[in-house]
Amino acid sequence: MSDYDLIVLGAGPAGAAAAIKARSLDLRVAVIDEAPAAGGQVYRAPSPALTATQPDADRARGDALRARLAASGAVLYANHRVWSLTAIFSVIAIGPDGPLTLEAPNLIVAAGAVERHIPVTGWTLPGVIGLAGATILLKAHGVLPGRRVVVAGSGPLLLLVASKIVAAGGEVVAVVDAAPRTSWLARAGAMLARPDLMAKGAGWLLALLKARVPIHSGTAIRAIHGTDGVESVTIGPVDRDWRPVGEAERTIAADAVCLGFGLLPSTDVTRLLGAEHRYEPELGGWIPAVDTSLQTSVPGLFVAGDGAGVRGADAAPLSGELAALGVARRLGRGGDLASEITKVEADWRKSGRFGAAMSALAMPPPGAAAMIDDGTTVCRCEGLSRATLDSAIAGGARTLADLKAMTRCGMGPCGGRVCGEAAAMLIAAATGWDREAIGQPSARPPLRPVPLAAIAGAFDYDELPIPAPAPL
Amino acid sequence: MAGDLRIGSARTRTVSFRFDGEVLTAREGETLAAALYAQGRRTLRISRDDGGPRGAFCFMGVCQECVVSIDGRLTEACRTPVHDGLVVESMR
C-alpha cells in the first residue's frame, strides 16, 4: 500500500488548496514543489536575503497560504523537481538530498503555467527577461529589471510589471502592447463582473498615467539592439492580427526589456501520463480534458489551477478544492460529496471568468507569427533562426516532433518550454492550418534537467550485474 | 549599466563570492542569478551557435539560460542561494 492517498504536484494557490482540502477529508497527502517554499509564482515567498519587506496583499495571501499548508498535516517536499512519472502513480523527483520516489493512487497536477514567448530580434541579449521573471526579480528579490525599462508583449502582466517597476522607483520608458485598445474594451463584460479585480487593474493603469509612462497599444517591438546587453528598442505598429505594418515608429534608449505574451498551461505531466487534451484558446491553448471534478481521462489523474486552463490566482484555490473533492469521492471518503462538488464547480467556473478574459486578452492571433523576422533566433538553446525552422517546414515538417527531428528545435536543456509555442505558430503560419491542427509536443522524461550522477546514485563498478552470455 | 539595481528593504549580511575570478558581494541567501543581475553582471554564457551573449531570462528554472558552473557543478543560478566563498564560472 502507498504511503499517501494523494500526491499534489505544485504548492501554488491551487495545489496548496487541494492539499489542505484533502487533509480536511482525512486523506494522506504529499505535496511536491520546485521552489524552496510554497506559494507558486504569484505568492512566491520573498528571498531569505530580504529581512524586512513591504507588506502588500499578495505577500499576506502567500504567508497565510504557507501557514495553512504547514498546519494541514500535508507533507511538503519543497525544492524537489519532478522529472519523471509512471502510472498509477509513481512520482520521481530530485531534491537537495538526492532522488525521491513517491507513490499514490491519485495525483493532482497543479503545475501552473509558463510564459508564452514570441521571439523578436535581439530577445537573446542579456537584459531581456520574461514578464514573469520580472515579477520574481521585483517581488521576491527586491531588484529592478533595469534603470530604463521597456515592458512589452500582451496581457495584464504588462500593467502589473510596469506599475511595480514605477512603485519601486524605476523608470518605465514604454509599455508596448500588441493588442489594440479596443480588445481591452471587448473584455469589459467579464471585468465588470469583478469590480474588485478591475479596480486593481485600474490602480496599475493610474499609477502608470501618473508617472507619465507612455503606453503604446497596437504596437510591438521590431528589434532590440545592443552589443553586450540591451541598449535600445525599436517599436512599430501592428494590425488587428498583430502583423507588423508600415515603418518602425521610434527607437527608445533602454537598458532592459521585460517581454511576454500571456501564459501557457503546463501540460507536460498530463501529456506524459497519456491524458487526453483539447485546444481552448480562451484558456491559453492546450489543456487536459476533464470531468466535473477536474479528473482527466486517466483515472485518478486530476488537474487544478492554471495548468487546467489559465484562469488566474483568484480562481485557483477553488479548482484545487474541487479536485480534492473528486479524489475523496473516488476513494469513497467524506460521505456524499456530490452536492459539494456541484457547488464548488459552479463557484469555480464563476470566479474563473475574469482570469479567462485576461488570458484571452494576452493570446496572440495567428498573424503574430509575422513579428518573427527570418534571422531571429527562435530556439535559444540550439540557436535556431526562423529561417532554419521555415526551411524545415518547407521540407515537410508538420508537427513539433518533425521540427525536433529535422532541426533539434526544442531538444536543448529547456525542453522546448521557451520556444515550442513559437515553433508551432511558425508551422501554422506556413501551412495556413489552425494552431489546433499542429498539436502538442510529446512529453518524455526527463521533464526537467537532472544531473546524471544524481539519477545513477553511488555504486561500485563491480556491483553492476553482468548477464551470463547467451549459449551459442 | 550603472549602479546596483537592488531597491529598498533591509537585507541579510553581506557575503562574498567569486565570479570568473572577480570577487563580488551578495546578501546571504539571495539567488546567484539575482545577485549577478543586480550588479550588472548580466552575461552568463556565450552562445556556441551565434556567438552572442546570453543571460538569465525566466528566473524560474525553465529557460536554462542562467546555467553556470557553481563550485564545479553546472547549475541554474536562479535556483542557487549565494553563500560565502561560492566559486562561480560563466559559460564563456
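Me: How many residues of chain A are in contact with chain B, and how many of chain B with chain A?

Reply: 43 residues of chain A are in contact with 37 residues of chain B, contact being C-beta atoms, placed from the backbone, within 7 Å. This is a predicted model, where local features need pLDDT of at least 70, side-chain atom pairs count only at pLDDT 80 or more, and totals for chains, interfaces and linings use all residues. Residues are numbered from 1 along each chain as its sequence is written, while chains are lettered from A and ligands numbered from 1 in the order in which they are written.

Me: Which element of chain A gives the most to the side that touches chain B?

Reply: α3(A), with five residues. β8 (113-115), β9 and α3 of chain A each supply at least two. Helices (H or I, at least four residues) and strands (E, at least two) are DSSP runs, numbered from the N terminus.

Me: How do the residues on that side of chain A divide?

Reply: Into 19 nonpolar, 16 polar and eight charged. Ala, Val, Leu, Ile, Met, Phe, Trp, Tyr, Cys and Pro count as nonpolar, Asp, Glu, Lys and Arg as charged, and the others, Gly among them, as polar.

Me: What does α3(A) lie across?

Reply: Helix α3(A), residues 131-141, lies across β9, β10 (148-154) and β16 (256-261) of chain A, at about 90° to β9(A). Axes are lines fitted to C-alpha atoms, for helices over the stretch in contact, and angles run from 0 to 180 degrees between N-to-C directions.

Me: What is the strand order in the five-stranded sheet?

Reply: β9-β16-β10-β11-β12 in chain A, an open sheet with parallel pairing; strands pair if DSSP finds at least two bridges between them. β9 (128-130) and β12 (215-217) of chain A each have a single partner strand, so one side of each is left without a neighbour in the sheet.

Me: Where does Val175(A) stand?

Reply: Opposite Ile215(A) in β12(A). Three bridges join β11(A), residues 171-177, to β12(A).

Me: New topic. Is α9(A) largely enclosed or open, and why?

Reply: 13 of its 15 residues are buried, so α9(A) is largely enclosed by the rest of the structure. Buried means 20 or more other C-beta atoms within 10 Å of the residue's own, exposed 12 or fewer, partly exposed in between, with C-beta atoms placed from the backbone.

Me: Which residues of α11(A) are buried?

Reply: In α11(A), residues 386-394, Arg386(A), Thr388(A), Leu389(A), Ala392(A) and Ile393(A) are buried.

Me: What covers them?

Reply: The cover includes β21 (377-379), β22 (384-385), α12 (400-407) and α13 (420-431) of chain A.

Notes. Two residues are in contact if their C-beta atoms, placed from the backbone, lie within 7 Å.
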